[in-house]
Amino acid sequence: MIIRQAEEDDAQQIMALFHIILKEMEVPLLKQADDKKLCKALERSFETPECRKTLAQIIVADVSGKVAGIAFGYPNENEHKVDSLLCRFFPSVGLQKRDSVYDQDDSELPDEWYLDSLVVLPKYRGCGIGTALLKALPKVAHKRNKARIGLDVDVKNTKAEHLYRHLGFKGSSTCLIDAHEYKHLQIAV
């Protein structure tokens with residue numbers, strides 16, 4: 001397994017993983033939009049350098065040339081720009097213009113690099129990929145001059161919360177995202 005920065009030609013595989021998160025979160029946009037069009041628009045956004053390297057950062061776990069897992073995040077002050085970036089291609093694929101993928105946001109706290117999404121392909125879960133991705137994030141946060149990494153974990157996702165806490169993340173607050181309750185966890189880096 002190699003942990004590396006995402007490349008443009010990883011976009012389709014990144015989208016497939018990101019789609020898992022959107023389904024698990026029951027994001028209302030999935031019920032409102034044509035799924036194929038939504039995936040195509042988001043895939044195009046993941047092809048952009050802004051989404052992979054500058055406004056946001058995506059690192060991948062590469063197993064024999066296949067993207068087996070991703071960590072997608074950004075500095076807290078980039079949240080609205082990243083949401084707009086994710087929606088940039090909606091009109092070009094026939095979807096209604098939107099400013100955000102989520103109906104509710106702003107769960108990030110000041111001075112944190114926010115981990116928006118961490119997901120591993122089901123067949124690779126339990127193999128240490130999530131842990132390897134999480135261990136690579138302090139370097140990403142440092143490059144963005146952030147003192148902490150923050151994330152939201154669904155209160156019902158006890159397996160993920162256990163992993164985060166095992167690696168040193170601590171709870172700081174709770175929030176609602178698209179009618180789901182989440183714990184906001186942070187770790188100093």
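**E43 and K40.** I looked up the pair E43 and K40 and found a salt bridge, with the closest N and O atoms 3.8 Å apart. I count a salt bridge when a side-chain nitrogen of Lys or Arg lies within 4 Å of a carboxyl oxygen of Asp or Glu. Because E43 and K40 are three residues apart in helix α3, about one helical turn separates them. E43 counts as buried at 13% relative accessibility. K40 counts as partly exposed at 36%. My cut-offs are under 20% relative accessible area for buried, over 50% for exposed, and partly exposed in between (1.4 Å probe, protein chains only).

**Source notes.** This is a predicted model, where local features need pLDDT of at least 70, side-chain atom pairs count only at pLDDT 80 or more, and totals for chains, interfaces and linings use all residues. Residues are numbered from 1 along each chain as its sequence is written, and side-chain values use heavy atoms, with hydrogens and water left out.

**Around R4.** Next I checked R4. D10 forms a salt bridge with R4, and their closest N and O atoms are 2.7 Å apart. D10 is buried, at 5% relative accessibility. R4 is buried too, with a relative accessible area of 18%. D62 also forms a salt bridge with R4, at 3.1 Å between the closest N and O atoms. This pair links distant parts of the chain: D62 sits in strand β2 (residues 57–63) and R4 in strand β1 (residues 2–5), 58 residues apart. I take helices (H or I, at least four residues) and strands (E, at least two) as DSSP runs, numbered from the N terminus. Both D62 and R4 are buried.

**Network.** Which residues do shared partners join? Salt bridges put R4, E7, D10 and D62 into one network. I noted seven salt bridges in the structure.

**α1 against α3.** Then I turned to helix α1 (residues 11–25) and helix α3 (residues 35–47), whose axes come within 9 Å and cross at roughly 125°. Axes are lines fitted to C-alpha atoms, for helices over the stretch in contact, and angles run from 0 to 180 degrees between N-to-C directions. So α1 is oblique to α3. Under 35 degrees would be roughly parallel, over 145 roughly antiparallel, 65 to 115 roughly perpendicular, and the rest oblique.

I listed the contacts (heavy atoms within 4.5 Å). A11, Q12, I14, M15, F18, H19 and L22 of α1 meet D35, C39, L42, E43, F46 and E47 of α3. E43, noted above for its salt bridge with K40, is among them.
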